[in-house]
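Let's walk through this one together, a piece at a time. Have the viewer open and follow along.

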Amino acid sequence: MSIEMCPTGIDELDELLNGGFPRGDIILVAGHPGAGKTTLSAKFIYEGARRFNEPGVYLSFLEPKNDFYRFMRALGMDFEELERRGLVYYIEGIQTSTFEGIEDALKEFMDAIVKINAKRVVMDSATAITQVAGFRLTRELIKNAMVNGLKPLGITGILISELPIGTPSVGYGVEEFLVDGVIILKSTIENGVLVRKMEIRKMRGTSIPYAELYFDISPGVGIKVYLPPRMEEIPAPSEAQVYIPHTKEIRYLCGGYLRKGSQIAFIVREPASVLPLLIWWILGYIARYGGTLLIRTYSKPPQLIRQIVKTHAKKFNVELSRIIIDSMNPTARPLYIMSQYNRESDTRINPTFLVFDSLQQVPMVLNNNWDDFFREHLNNLLLRRKLGITTFYIYNVKSDEDIPIPLDIYDLVIKVRPEWRGGKLYLYLEPHPMTIVGTVKPIYVQYKEGGEFQIEVVRGQ
Amino acid sequence: MNEVSEDIDTKIVLAYIKYLTEDRLRKGAPGMLIALNSLAMKKYGVYVTELLVKNPKGFIDVLNTYFRNQDTAQRFVRYLLKPLIEAGGEDGRRAVEALINGDRAEFTAYSVKVLKDRAKKWFKS
């Protein structure tokens with residue numbers, strides 16, 4: 001029997017939870033002060049009323065109604081308007097030192113539920129009740145009034161609980177066992193940037209492919225969850241569409257041809273540079289097969305890239321409108337936001353070819369955190385395979401050592417190093433096939449005046 | 001709901017039962033009275049203890065809805081009205097079973113028989 005879901009109104013979270021919270025369930029949202037508990041819960045009530053026409057009641061022992069409405073308006077949620085339409089009811093629980101005040105607020109809460117025929121509720125917070133009633137009484141109250149009391153009415157609810165900073169357990173540790181789902185919100189400072197994480201610890205009746213998600217709170221949007229692409233199986237490059245390079249030397253480098261959706265890494269020892277060669281290589285494809293190229297660089301100004309592009313586009317008679325340049329400062333945003341931006345941009349633009357220039361900058365600005373980088377990178381790489389975007393990643397390194405990530409995620413790895421031959425600087429490109437089966441040979445490349453190249457295949461290897 | 005003219009003893013006993021159940025709910029199951037009241041109000045337009053004395057069938061229906069299990073609901077009625085059973089023995093038990101079966105007349109008759117004196121004492125106090 002399928003479980004009816006209650007959409008949270010946060011699209012990415014609903015996608016992850018197969019439609020939302022199971023209807024009639026009580027979900028505990030716990031977190032540090034300022035982690036986003038109120039915003040997430042407010043969004044649940046607000047979107048429920050606005051998008052799904054489901055009235056909601058919000059009971060808060062912590063925040064006066066005026067403050068709550070003002071903060072939420074700044075985040076793009078106009079509660080006043082929904083209240084006028086009878087879709088939202090906010091109860092400002094009076095903070096007393098006696099249990100009577102809590103009981104009165106709970107009574108008003110239940111009366112409001114009946115009055116507006118609420119389908120979703122929020123109680124903010126179990127911690128505030130515990131401070132007055134003690135944890136045993138609070139546990140009984142939550143179980144009897146909220147968990148058992150709301151279920152027969154088919155109401156889906158959020159119970160908020162404070163998670164003191166540095167404390168691993170939620171509240172007094174009892175709320176977790178009473179509810180059907182537990183979401184923990186955390187906020188930390190990483191490399192000077194506020195990073196918000198959401199942990200889905202428990203969600204009865206729902207399989208959760210990702211238990212930890214990044215999210216953000218921003219004006220006008222409220223809460224946005226960054227959901228990695230969901231792929232159980234690793235997509236393969238296309239069998240039907242292949243790209244044959246326009247010169248025999250490059251054909252040797254890549255084993256004859258590249259399949260659409262292939263993922264190729266260049267590990268380039270400084271001061272060598274492969275970007276001009278790569279642009280020339282790809283424009284040769286575009287001249288022959290059509291399509292578009294997106295160049296995303298983490299180190300170079302767009303003007304510089306445009307200059308290289310112009311030189312080669314003219315040679316191949318490729319319109320400049322087919323090439324998009326995206327220059328980004330890798331320190332500007334947290335990794336998860338940058339990663340989401342790339343996913344959205346790749347999906348929207350859906351270029352035929354994509355070049356990532358100076359990709360090593362991303363883990364470097366994360367204090368050399370290659371593990372987090374790899375997780376995001378792998379997910380995005382799989383998405384590009386699925387979208388059929390043939391992608392070239394350039395990592396610039398200072399020595400011959402490999403970059404500290406598994407290289408078998410790529411179809412082809414080309415190691416590049418500078419080499420002096422007869423007083424001239426050459427690039428030595430050494431291919432390492434991972435999935436391709438054709439014969440490969442290393443090549444030497446010398447950059448000439450006017451954007452020309454002299455290329456020779458290294459024989460006998 | 002059957003509105004019948006009731007004598008003064010019956011009225012006092014039913015008021016005593018309302019007080020007793022409210023008190024036991026408040027002390028024994030904090031929060032439950034609030035939840036049951038909202039269920040009773042939503043479905044029958046009256047508070048749950050009012051429902052108990054006026055419409056036992058409705059009362060049992062509310063408990064069944066709350067517990068989502070008839071056995072648990074019935075065990076809870078027996079717990080809630082334990083003072084009636086303790087005070088009246090077999091008659092008290094009959095009153096409770098009549099309530100569970102939705103028989104208001106029998107429930108009222110046995111309750112008055114068992115609790116009349118105690119209820120009057122409570123009323124005077």
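Read along the sequence, chain B goes α-α-α-α-α-α-α, that is, seven helices and zero strands. Helices here are DSSP runs of H or I with at least four residues, strands are runs of E with at least two, and both are numbered from the N terminus. The radius of gyration of chain B is 13 Å, close to the 14 Å that the globule rule gives for 125 residues, so chain B is as compact as a globular protein of that length. That radius is taken over C-alpha atoms, and the globule rule is 2.2 Å times the number of residues to the power 0.38.

Before going further, a word on what you are looking at: this is a predicted model, in which local features need pLDDT of at least 70, side-chain atom pairs count only at pLDDT 80 or more, and totals for chains, interfaces and linings use all residues. Residues are numbered from 1 along each chain as its sequence is written, while chains are lettered from A and ligands numbered from 1 in the order in which they are written.

Back to chain B. Its C-alpha trace spans about 35 × 30 × 30 Å along the principal axes. Of its 125 residues, 39% are buried; buried means 20 or more other C-beta atoms within 10 Å of the residue's own, exposed means 12 or fewer, partly exposed is in between, and the C-beta atoms are placed from the backbone. Among contacts in chain B with a separation of 6 or more, 47% come from residues 24 or more positions apart. A contact means C-beta atoms, placed from the backbone, within 7 Å of each other.

Where do the two chains meet? 14 residues of chain A are in contact with 14 residues of chain B. On the chain A side, helix H5 (99–116) and helix H6 (126–150) each supply at least two residues, and H6(A) gives the most, with seven. The chain A residues that touch chain B divide into eight nonpolar, three polar and three charged.

Now for the sheets of chain A. One is an open, mixed sheet of nine strands in the order S5-S4-S6-S7-S3-S8-S9-S10-S11; strands pair if DSSP finds at least two bridges between them. Strand S5 (88–92) and strand S11 (222–226) of chain A are at the edges with a single partner strand each, so one side of each has no neighbour in the sheet. Inside this chain, strand S8 (residues 181–190) and strand S9 (residues 193–203) of chain A run antiparallel, joined by 10 bridges, and A:Gly181 stands opposite A:Met203 in S9(A).

A loop residue is worth a stop here. A:Pro55 sits in the loop between helix H2 (37–52) and strand S4 (56–60) of chain A, and is buried, with 22 other C-beta atoms within 10 Å. The C-alpha atoms of A:Pro55 and A:Lys119 are separated by 5.7 Å, although these residues are 64 residues apart along the chain.

Another open, mixed sheet of nine strands in chain A has the order S16-S15-S17-S18-S14-S19-S20-S21-S22. Its edges are strand S16 (323–327) and strand S22 (453–457) of chain A, each with a single partner strand, so one side of each is left without a neighbour in the sheet. Strand S15 (residues 293–297) of chain A pairs with S16(A) in the parallel sense over five bridges, with A:Leu294 partnered by A:Ile324. S21(A) and S22(A) pair in the antiparallel sense, again over five bridges. These two strands form a hairpin with five residues between them, and A:Gly450 in the turn has a positive phi of about 70°.

Finally, look at helix H9 (residues 275–289) of chain A, whose 15 residues reach 21 Å from first C-alpha to last, close to the expected 21 Å; the expected span is 1.5 Å times one less than the number of residues. In H9(A), 11 of the 15 residues are buried, so the helix is largely enclosed by the rest of the structure. Among them are A:Trp280, A:Trp281 and A:Tyr285. After H9(A) comes A:Gly290, with a positive phi near 80°.

How values were computed. Two residues are in contact if their C-beta atoms, placed from the backbone, lie within 7 Å. Ala, Val, Leu, Ile, Met, Phe, Trp, Tyr, Cys and Pro count as nonpolar, Asp, Glu, Lys and Arg as charged, and the others, Gly among them, as polar.
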